[in-house]
Amino acid sequence: MKYNQRIRHLREDHDLTQQRIADMLHVGQRTYADYESGKTRIPIDSILILAKFYNVSVDYITGASDVIRPYPEQ
């Protein structure tokens with residue numbers, strides 16, 4: 001699964017709107033929609049924020065792994 005599909009599924013699984021996630025990432029809703037559609041690449045900083053927010057590994061969000069592991073504690 002590609003990262004754009006993964007971030008959409010995570011958002012939908014948590015019953016969140018694109019606007020809510022866009023606000024958290026400090027981008028417009030249209031920009032976030034472009035991330036989910038694959039039209040625009042999501043910055044790594046935003047991937048890290050989403051991984052921490054959803055408590056999943058970056059590997060899971062990026063599609064490098066299909067195993068859901070928690071975000072590493074610091």
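## Basis

Residues are numbered from 1 along each chain as its sequence is written, and side-chain values use heavy atoms, without hydrogens and water. In this predicted model, local features need pLDDT of at least 70, side-chain atom pairs count only at pLDDT 80 or more, and totals for chains, interfaces and linings use all residues.

## Helix α1

Helices here are DSSP runs (H or I, at least four residues), numbered from the N terminus. Helix α1 spans residues 3-13, and its buried residues are Tyr3, Asn4, Arg6, Ile7, Leu10 and Arg11. They lie on the same side of α1, because they cover an arc of only 165° around the axis; the arc is taken over directions from the helix axis to the C-beta atoms. Buried means under 20% relative accessible area, exposed over 50%, and partly exposed in between (1.4 Å probe, protein chains only).

The buried residues of α1 pack against α2 (18-25), α3 (29-37), α4 (44-54) and α5 (58-62), where contact means heavy atoms within 4.5 Å.

## Salt bridges

The whole structure holds 3 salt bridges (a side-chain nitrogen of Lys or Arg within 4 Å of a carboxyl oxygen of Asp or Glu). In one, Asp66 pairs with Arg6 at 3.0 Å between the closest N and O atoms. This pair joins the segment after α5 to helix α1, 60 residues apart. Asp66 is exposed at 60%, whereas Arg6 is buried at 4%.

Glu36 and Arg11 meet at 2.6 Å, N to O, linking helix α3 to helix α1 across 25 residues. Glu36 is buried at 7%, and Arg11 is buried at 9%.

Arg30 and Asp34 form a salt bridge at 3.0 Å, N to O. Being 4 residues apart in helix α3, they are separated by about one helical turn. Arg30 is exposed at 52%; Asp34 is buried at 13%.

Key. Helix = DSSP H or I, 4+ residues; strand = E, 2+ residues; numbered from the N terminus.
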